[in-house]
Amino acid sequence: MAAINRDDVAHLARLAHIEMSAEELDRMAVELAVIVDSVKSVSEAAGEDVPATSHPIPLTNVFREDVVGHTFTAEQALSGAPDAFENRFKVPAILDED
Amino acid sequence: MSVDATLSFEEAMEKYDPVLGFEVHVELNTKTKMFSSAPNVFGDEPNTNVNEVDLGMPGVLPVVNKTAVESSIKIGLALNCKIAETCRFARKNYFYPDTPKNFQTSQYDEPIAYDGYLDIELEDGTVFRVEIERAHMEEDAGKLTHMGGAAGRIQGADYSLVDYNRSGVPLVEIVTKPIEGAGSRAPELAKAYVAAVREIVKNLGVSDAKMERGNVRCDANVSLRPHGRERFGIRSETKNVNSLRAVEHAVRYEIQRHAAVLDSGEPVIQETRHWHEDTRSTTSGRPKSDADDYRYFPEPDLVPVVASREWVEELRATLPEPPAERRKRLKEAWGYSDLEFRDVVNAGVMDSIEETIAAGASADVARKWWMGEIVGRAKVADVDPSELGVTPQVIVELNKLVEDGKINNKMATQVLDGVLAGEGTPAEIVEKRGLAVVSDDGPLLEAIDAALAAQPDVAEKIRGGKVQAIGAIVGGVMKATRGQADAGRVRELILEKLGVEG
């Protein structure tokens, strides 16, 4: 059985800002464990000589020259904002100063 | 707000040994952002330097700015780091309105530069080596302004306003290894370290390096341990200490605060502290907790960066002389004393003096003009000395006029004022203001005769061999010629006239 339990799911839900009921936590703990187990079988297939990869296609150094391109106007940028003030997005104050 | 207890710095040092660590964020001065082609410009109208990538719209594809990668490699090389052959970007996940994507694109386990060091010279010449753990690439966040509540602080704010112009600006975060052994010089070292990093990135030309604009920002970690103990104490991290003076003060304050906490028998809480310039103290931010579980994972939208050794060496070949080495070289070449050279550096005229010497002045002449005349005038005008409007050529020309005996030193300062007033070149001003030293002996001889006649007793003394009495006659001549005579020539003529050997 995979090392994911109900507490892990509750922790992840909190980090992801997802509100979950007790039943949902129970159900997700079981389902996620199955998913993690399935992913694990991939690790079993790859031997130690196979390096970990983050990208399926062997591409590197996809760069852009440092040349200014298009921008939005403030009006465009704010067009989807629930609230705005003086050309800035208006958001609830959140206690965290980072 | 409760005020934390502190010990005196001296007492804290008697009892405890400080360990420091720094995270310095450097904003690069590329034309565009790290992952989007929107302009990287400070101070524009809010939310105008943004496009869909900076706003974290769904389905957009970031593309890495090549110049930003090159700047990052240059910073790594200047910090004596190894440059990773291959490295990746990672997502640092957190929810906060300054980051519309809900993650910051950063680097996690594969920084582009690692294992470096920087030798920091303290004021008395002591050199202290700071080990660099890593320097990695990431992007800046948007700017929040807290509205309502008390004085723009978040506590009690009603809402916040967000400007994403800064969102996506390329950053290099430089992280030190724990710095041990600084002792009571920890605050001074902190300031000197940040100053050195700022100087290096400015010298490389990769950042505007203006701390007041947030181009260079420092988070300072401080912990204390009893003398002789190897294990580190619990640290606090003071955020956004954004001037060199504040870095020194914040480290000093945290040492004093930690010492008081430890003395009371309590453990130090591992937490973020916020620096307040007005009270020169820190207040508690949030404790380190699950909120710091950033769930880093490789950024699927960006492929790895491979820095071939050829590319790295090409970049290394473009690096300017490191600032500390340059200072050492110039000091020796110019033959200034420690104090003279320090004054020159502190006055910000080292570059100007170098240019003036290159233009043909001697090291002493260049120093005399910049330190003696220009720095003071710049202070009055409230500009940098180099921006006052005096070019190296002006100084060379002024000095030549003095050396040729065309004007004296006093006139030279008047000519300098004329240059600054836009009256023309030194030679033109000498002409226009009629400042030339009277070198035609005719008028001088008349003035000398008059002065001798006015002070016959003095003339007699000189004839009798008391040559030192000549000052009174020279003074009389200078007065009569309104200071436009060459005092040396006047002296010669008087002695000649009286038939006395100088």
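Two strands pair if DSSP finds at least two bridges between them. By that rule β9(B) and β10(B) pair, running antiparallel with five bridges between them. Helices and strands here are DSSP runs, numbered from the N terminus: helices are H or I with at least four residues, strands are E with at least two.

This is a predicted model, in which local features need pLDDT of at least 70, side-chain atom pairs count only at pLDDT 80 or more, and totals for chains, interfaces and linings use all residues. Residues are numbered from 1 along each chain as its sequence is written, while chains are lettered from A and ligands numbered from 1 in the order in which they are written.

**Domains of chain B**

- Chain B is divided into domain 1 (9-316), domain 2 (321-433) and domain 3 (441-498). These bounds come from an automatic or database domain assignment.
- Domain 2 and domain 3 of chain B have C-alpha centres 33 Å apart.

**Where chain B touches chain A**

- Chain B gives 44 residues to the contact, and chain A gives 36 residues. Residues are in contact if their C-beta atoms, placed from the backbone, lie within 7 Å.
- On the chain B side, β2 (64-65), α2 (66-78), β10 (159-163), β15 (281-287) and β17 (305-306) each supply at least two residues.
- The largest share of that side, five residues, comes from β10(B).
- By class, the chain B side has 21 nonpolar, 13 polar and 10 charged residues. Ala, Val, Leu, Ile, Met, Phe, Trp, Tyr, Cys and Pro count as nonpolar, Asp, Glu, Lys and Arg as charged, and the others, Gly among them, as polar.

**Strands across the two chains**

- Strand β1 (residues 63-64) of chain A pairs with β2(B) in the parallel sense, over two bridges. A:Arg64 stands opposite B:Asn65 there.
- An open sheet of four strands runs in the order β2(A)-β3(A)-β10(B)-β9(B), with antiparallel pairing.
- Its edge strands are β2 (84-85) of chain A and β9 (143-147) of chain B, and each pairs on one side only.
- B:Lys143 has B:Asp163 in β10(B) as its bridge partner.

**Strands within chain B**

- Strand β5 (residues 90-93) joins strand β6 (residues 103-106) of chain B by four bridges, antiparallel. B:Lys92 stands opposite B:Gln104 in β6(B).
- β5(B) also joins strand β16 (residues 297-298) of chain B, antiparallel, by two bridges. B:Ala90 stands opposite B:Pro298 in β16(B).

**Helix packing in chain B**

- Two packed helices are described by the angle between their axes and the distance between the axes. Axes are lines fitted to C-alpha atoms, for helices over the stretch in contact, and angles run from 0 to 180 degrees between N-to-C directions.
- Helix α3 (residues 186-204) and helix α4 (residues 244-263) of chain B pack at about 150°, with axes 8 Å apart. α3(B) is therefore roughly antiparallel to α4(B). Angles under 35 degrees count as roughly parallel, over 145 as roughly antiparallel, 65 to 115 as roughly perpendicular and the rest as oblique.
- The contact of α3(B) with α4(B) has nine nonpolar, no polar and four charged residues.
- Helix α8 (residues 350-358) and helix α9 (residues 363-381) of chain B have axes that come within 9 Å and cross at roughly 135°. α8(B) is therefore oblique to α9(B).
- B:Ser352, B:Ile353, B:Thr356 and B:Ile357 of α8(B) meet B:Ala363, B:Ala366, B:Arg367 and B:Trp370 of α9(B). These residues divide into five nonpolar, two polar and one charged.

Note on methods:
Two residues are in contact if their C-beta atoms, placed from the backbone, lie within 7 Å.
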